[in-house]
Amino acid sequence: MTGAADTRGPYQQLASLYLPIAAVVFVLVALALVVVAVRFRARPGRTPSARQSMAPLEIGYAVALAIVAALLLWRSFEAMSDSDPVVARAAPAPGAGPAGLTIGIVASRWNWRLAYPGGVVQTGGAPPRAATLVVPAGEPVRFRLTSRDVVHALWVPELRAKYDAVPGYTNVFDLRFALGADYSTTRCSEFCGDLHDQMLLHVDVRTPGAFATWLRARQGALAQ
Amino acid sequence: MIGAFLSTDHKVVAIRAGVVAAIFFAGAGVLALLMRAELARPGLQVVSRAGYTQLFTMHGSTMIFLVVIPVALAFCLYLVPLQVGSQQVSGARWAFAGQWLFALGGIVMWTGWLTREGAGRAGWYAYDPLARTPATPGPGMDLWLCGAIMATLGAILVAGAVLTTIVRRRAPGMTMLRLPVFTWTALASCLLVVFAFPSLVVAFGLLLAERHGARILDPIAYQHLFWFYGHPAVYVMFFPFVGMVAETASVLSDRRFFGYRAFVLALLAFTALSMSAWAHHMFTTGAVPSRLFALTSTALILPAGIEYFDTIATLWRGAVRFNTAMLFVFGFLLQFLVGGMSGIFVASPVLDYHAQDSYIVVAHFHYTLFAGSMFGLFAGLYLYWPKLTGRYLSERLGRVHFALLVVGTNLTFLPMFFLGEQGMARRLADYPDRAGWGALNLASSVGAGFIALGTLLFCVSVALSFLRARSAPADAWGTGMSLEWATSSPPPPHNFDALPPVRSYAPLYDLRHPGGAPTAPPAHPAGPRPQGASA
C-alpha cells in the first residue's frame, strides 16, 4: 500500500495501532473504577487499607508505560519516513517532482492560485467559486505551497494530509491522487478571516493521458 | 462590604477571582450556545460570518485567559496557604493586584464588543499576519490584545505569590516532601506560569507594535513565541484540577494518597516535558523538527499514566463514599482519559497532518478542558464548598447536576471526533450539507443545551446552600488529610488558631491514627496498622 507520496496508507496503519491501544486502556480504567465502586464502597465494617506505596508495582508499571510510548514513537517515526510529507524550506532548491510535474500553489484570502508548467494558471472567482486543481491519477505530484497574505492551510481529508501556507515560507510536499475518490472536502483549514468557511478547492483527477492532453491544450492556448 | 472588594486576605482575594471568573464563564457559555445554535443546521441562520468569527474568538479566549487559568490559580491562592499551614499568602498585595488584573483585563477584552469592527476576531492564538491591521482592523482587536496581556500579567503575579508562599511560609515540620498533593500541583502550575507566560506578553506586545506600524514579526517566530506560552498554559489549566481530584479521592476514600513520591516525581517530569512540547502545534508548518516534538509530546504518557495509576490506587482498597464530589472524580478519570489519549494521537505527526485544525482537535481539547478540568473543578468545589462557606451543597441536586453534565458533555463533544475525521475543519460559520454532518452537529448542539441546564442547576444549588445553616465542622468530611481541615469552616482571617504537628504529607490522618502514623518521611512502606491493614 505504502509508497512514494502515499499519505493515506501511513495514517490508516498508525491509526489502527493507536486506536485499539486507546480502547484497551479505556476499558481497563473503566473496569478498575467498576471494581472500586462495587468492592471498595464505604460501608459499615469496611476498613480502608493503610498501604501508601508499592515500589515494585509502580516501577514495573512505569516500565510498561515507557514500552508503550517507545512502540508508538517507533511506529510514528517509521510512518514519517515512509511518506515524509512535509519538507519545508524558506527557499527550496528548484527541481521537478518525482514524476516531473510540479504545481505551485499560492493561497490568498479566500482562494488559491495554481501554477502549472508552461505558465498555465488556474484561479477561482469570488468565494465560494473555488479554483480547480487538475491532477493526473496515480502519479506523485510535487507541490510548492505558500501564501500571499495570512497563514492558510491546504487540507485534503481524503488523503489525510494537511500543509500550512505561510507567507515567506514555501512548503514542499508530494501527493498522489486516485481516480474515483471523493476529494470534495478539500479546503483551507487554517482560520484566515471572515470568509474562511468558503475557501474551498475543487479537485479534478484525470487519467495521466487526459491530464497531459489538458495541460498541452492549455499551454497551446497560451502560446497563441 | 468594601472589605469584600479591597481585602488582601488570600481567601477573599481567591473567592473574588472565582466570582469574576464565574461571570465570564456565563458569558463564554452564552457565546458557545450561540455558536451551537448557528451550527445546529447547515446554512447561516443565527449570526453573520463576521459575528461567528467574534463568537469563537471571544469564547475561546475568555475561557482560557479569564476563566480556567484564573480559577485554577484562585484555587491555588485559596488552598495553598491553608495546606502549608500559613496565616497569609506571601506577597498578599501581588495576589490582590493579580486578581484585579484578571477582572480589568476581562473588562478591557469585552469592551471590544462596543467598537464598530467588533471584539477580537483572529482566533485565540491570533496568528500573525492575520492579527495585523490589514486583515483585522479596528480597536476591538487592540483591546483584545491589551486585555489578554493584563490577565496574563495578573496570572504571573498570583503565581509568584503562591510560589513564594510554598517556599517561605511552610509550617514547622513541613518539608517539601510533606507538602499535600494539591500543593505540589499548584507548585508545578505556578512554575509554568512564571516561566512560560512572559512569552505571551512578548508575543502579544509585538503584535500590538506590528498593528501600529512596526515591522518586526515573522509568522513562524510568532507561532513559537505563542505556543511556548500556549502549551504550558494547557497544563496550568490541568494540574490544579488533577490536584483537586487527588485530594477528593484521598479524603473520600479515607486513604493517604497512594504513591506520593512517584506522583511528585511524575509531576516534575510532566512540568519539564510540557515546556518542551510546544511545537507539536506546528507540525503542519513543516518548519519545526517534528520528530523531536513528537518525542517530547508522546513521552507525556509516562507522567500522565503514573498520576492516573496513583489516583486509582488511592481509591483501591479504600472506603469510597459515593457523594457528588466522588462522582465528579469518576467523571474526570474516564472523560479526561479520552481527551488525554486523543492528545497522544495528535502528537504523532502523520496523524496530526489530518487532525490538526479539524474538529478532532476541537473534540480533543474540550475533552481535556471541559470533560476533564471542569469536572475536576466541580469535584474540588463539592469537596471544598463546606470549607469555603461552612455550608454543604445539596447532594440530591448535585447528582442531577452531574448526570446533566455527563450527558451534555459527551453528547456535545463526542460527535466532533467523527465530524473531524470526515473532514470538517474548525472555525467554520457554515458547513456543507454532507451525509451525517447535520445530524452530528445537531446532536452536539442539543448536548450544549444539557450543559447549560446543568450549569443553571448548579447556580440554583449554590444559592440554596446559602439558605442553609453553617453546619460544617473543621474536618467537614471527617476524613481530612491535610492542614486545611484542621481549622474552622470557613477559616478565620488568620487561618489557624493552632496547628497539629506535621510528620507526613497527611498530618490529620496521622492524628486519627496515633501510633500507626509513620514518623519517617512518607512513601516508606507503612508499618503494620492496628486496623489490620492488608495490601
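Tutor: Start with strand β7 of chain A, residues 152-156. Five of its five residues are buried, so β7(A) is largely enclosed by the rest of the structure. Keep in mind that this is a predicted model.

Look at the two faces of β7(A). A:His152, A:Leu154 and A:Val156 lie on one side, and A:Ala153 and A:Trp155 lie on the other. Both faces are covered, and these residues are all buried.

Now find the partners. Strand β8 of chain A, residues 161-165, runs antiparallel to β7(A), and five bridges join the two. One pair to pick out is A:Val156, whose bridge partner in β8(A) is A:Ala161.

Next comes β10 of chain A, residues 187-188. Two bridges join β10(A) to β7(A), again antiparallel. Here A:Leu154 stands opposite A:Cys188.

Turn now to chain B and its helix α3. The 35 residues of α3(B) should span 51 Å at 1.5 Å a residue. The end C-alpha atoms of α3(B) are 49 Å apart, which agrees. There is a bend on the way: α3(B) has a kink of about 40°, centred on B:Met63. Just after α3(B), B:Gly85 takes a positive phi of about 75°.

α3(B) is mostly covered, too. Of its 35 residues, 32 are buried. The largest nonpolar core has 250 residues, and B:Leu77, B:Val162 and B:Ala379 touch the most other members. α3(B) gives the most to this core, with 22 residues. Take B:Val162 as a case. Setting aside residues up to four places away in sequence, B:Val162 touches B:Cys76, B:Leu77, B:Val80, B:Ala186 and B:Cys190.

The cut-off for a buried residue is 20 or more other C-beta atoms within 10 Å. B:Thr271 has 20 within 10 Å, so B:Thr271 is buried. Leaving aside neighbours within four places in sequence, B:Thr271 is in contact with B:Ala188, B:Leu191 and B:Leu192. By contrast, take B:Ala429. B:Thr271 and B:Ala429 are 158 residues apart in sequence and 36 Å apart in space, C-alpha to C-alpha.

Last, see where the chains meet. The contact takes 74 residues from chain B and 68 residues from chain A. On the side of chain B that touches chain A, the elements giving two or more residues include α3, α9 and α11 of chain B. α11(B) gives the most, with seven residues. By class, that side of chain B has 43 nonpolar, 19 polar and twelve charged residues.

Definitions and conventions:
Residues are numbered from 1 along each chain as its sequence is written. Chains are lettered from A and ligands numbered from 1 in the order in which they are written. This is a predicted model: local features need pLDDT of at least 70, side-chain atom pairs count only at pLDDT 80 or more; totals for chains, interfaces and linings use all residues. Two residues are in contact if their C-beta atoms, placed from the backbone, lie within 7 Å. Helices (H or I, at least four residues) and strands (E, at least two) are DSSP runs, numbered from the N terminus. Ala, Val, Leu, Ile, Met, Phe, Trp, Tyr, Cys and Pro count as nonpolar, Asp, Glu, Lys and Arg as charged, and the others, Gly among them, as polar. The expected span of a helix is 1.5 Å times one less than its number of residues. The bend at a residue is the angle between axes fitted to the seven residues ending there and the seven starting there. A residue is buried if 20 or more other C-beta atoms lie within 10 Å of its own, exposed if 12 or fewer, and partly exposed in between; C-beta atoms are placed from the backbone. Two strands pair if DSSP finds at least two bridges between them. A nonpolar core is a set of buried Ala, Val, Leu, Ile, Met, Phe, Trp, Tyr and Cys residues joined through C-beta atoms within 7 Å.
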